[in-house]
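Here is a short briefing on one protein model. Please read it alongside the sequence and coordinates.

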Amino acid sequence: MAPERESTRERTLVGATAATRPRARLDQPRPPRRRIVPEWDPEAFGRLSEKIARFLGTGRFIVWMTIVIIAWVVWNVSAPRDLRFDQYPFIFLTLMLSLQASYAAPLILLAQNRQDDRDRVNLEQDRKQNERSIADTEYLTREVAALRMGLGEVATRDWIRSELQDLVKELEERRRHDGHVVFPAERAERSPGRDADDR
């Protein structure tokens, strides 16, 4: 009787866990989870931070900031007491400037980090391009050296011409010394009658 109870218990446990566990389909992607923290596009945020950092680094920003501070101080000094929102020590102005600085510093650092990443990618591409250029130059150098070695064994036109001129000079000198005709064309010019008899 005890073995029957255990087998019944095992069957119900297996059935209970199978019923509570949702079946995941492997042929379909999972549905997106709900997130508590809002999501944002890091590239869009990075581009926005770069625009703000570029604006903070311009003279226009300094001019506008100076105009706002002067207007703030003038208003809080010369306006009627009921309309002043920041009295003489200008604590609210100090708070606003420190708030602006606390946001400006991370935005500038984020923009610099993005620029560093771009510079790193550009340097990596330049390094790879330099490696390819060096490899191409070494290959071309080896090819030129092989061509030079091959051309060293090949007779050039100038070399053949100089050798033929040397042979012609040598033959002309022999003719002068021996007195007999070396070239058949010269023999034909000297004895036209003999050529007519040969025909």
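Where is the place of phenylalanine 92? Phenylalanine 92 sits in helix H4. The model is predicted: local features need pLDDT of at least 70, side-chain atom pairs count only at pLDDT 80 or more, and totals for chains, interfaces and linings use all residues. Residues are numbered from 1 along each chain as its sequence is written, and side-chain values use heavy atoms, without hydrogens and water.

**Overall make-up**
- The protein has seven helices and zero strands (DSSP runs numbered from the N terminus; helices are H or I, at least four residues, and strands are E, at least two).
- Buried residues are 9% of the 199 residues (buried is under 20% relative accessible area, exposed over 50%, partly exposed in between; 1.4 Å probe, protein chains only).

**Phenylalanine 92**
- Phenylalanine 92 counts as partly exposed because its relative accessibility is 38%.

**Aspartate 86**
- Aspartate 86 lies in the loop between helix H3 (59-78) and H4.
- Aspartate 86 is buried yet has no salt bridge (a side-chain nitrogen of Lys or Arg within 4 Å of a carboxyl oxygen of Asp or Glu).
- The nearest side chain of opposite charge, arginine 84, is 10 Å away (Lys and Arg count as positive, Asp and Glu as negative; His and the chain ends are not counted).
- Leaving aside neighbours within four places in sequence, aspartate 86 is in contact with Trp72, Asn76, Ile91, Phe92 and Leu93 (contact means heavy atoms within 4.5 Å).
- The side chain of aspartate 86 reaches the backbone nitrogen of isoleucine 91 at 3.3 Å.

Note on methods. Polar contact = N/O pair within 3.5 Å; in protein donor to acceptor, adjacent residues only side chain to side chain.
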